[in-house]
Amino acid sequence: MSRKKASDQRVCYGPGCLARSLAGHDKGRLYVILGEDGEYVILTDGRIRTVDRPKRKNKKHVQLQYPQDRTLEHELEGSGALSDEEIVKALERVRRSSRSKEE
């Protein structure tokens with residue numbers, strides 16, 4: 001098996017992608033990626049970290065979640081902005097679908 005190249009991984013960190021925190025006081029929390037800043041990603045969860053006050057976190061401290069929510073990606077590409085309510089609803093939708101798959 002071959003490992004993914006770093007350039008392949010950079011593409012995955014696009015706006016609207018889902019990521020889970022692996023380190024820090026927010027370990028385990030699910031976020032939506034708003035953007036990328038070099039070795040960092042800009043994250044929001046719509047509640048604690050709102051769109052107005054996003055969290056900047058090192059890429060090596062987050063894990064991308066699959067499957068991604070494509071509606072978030074399309075909304076961020078189209079209008080360029082999401083409300084906190086839309087993000088909260090999308091993350092809840094993802095949590096519900098992952099719970100139903102576990103059962």
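Which residue lies over the face of Tyr 40, and at what distance from the ring centre? I looked this up first: Arg 56 does, at 3.8 Å from the ring centre. My rule for a charge over a ring is NZ of Lys or CZ of Arg within 6 Å of the ring centre and within 35 degrees of the ring normal.

Ground rules, for the record. I'm working on a predicted model, with local features needing pLDDT of at least 70, side-chain atom pairs counted only at pLDDT 80 or more, and totals for chains, interfaces and linings using all residues. Residues are numbered from 1 along each chain as its sequence is written, and side-chain values use heavy atoms, leaving out hydrogens and water.

Next, aromatic pairs. I searched the whole structure and got zero; the test was ring centres of Phe, Tyr or Trp (its six-membered ring) within 6.5 Å, with planes under 30 degrees apart called stacked, over 60 edge-to-face and the rest tilted.

I find an open sheet of five strands in the order 4-3-2-1-5, paired antiparallel. Strand 4 (55-58) and strand 5 (62-64) are the edges, each pairing on one side only. On average, neighbouring strands are turned by 45° against each other, direction ignored; the axes are lines fitted to C-alpha atoms, and angles run from 0 to 180 degrees between N-to-C directions. Strands are DSSP runs of E, at least two residues, and helices are H or I, at least four, numbered from the N terminus. Two strands pair if DSSP finds at least two bridges between them.

Strand 1 and strand 2 (residues 30-37) share three, running antiparallel, and Ala 19 has Tyr 31 as its partner in strand 2. Strand 2 and strand 3 (residues 40-44) are joined by five, also antiparallel, with Gly 35 opposite Ile 42. Their hairpin has two residues between the strands, and Gly 38 takes a positive phi near 65° there.

Of its 14 lining residues, Leu 18, Pro 67, Val 94, Ser 97 and Ser 98 are closest to the centre; lining means an atom within 4 Å of a point. Helix 3 gives the largest share, six residues.

Conventions: 1 Å grid on protein atoms, 1.4 Å probe; cavity = no way out; pocket = protein on both sides within 12 Å on 5 of 7 lines; lining within 4 Å.
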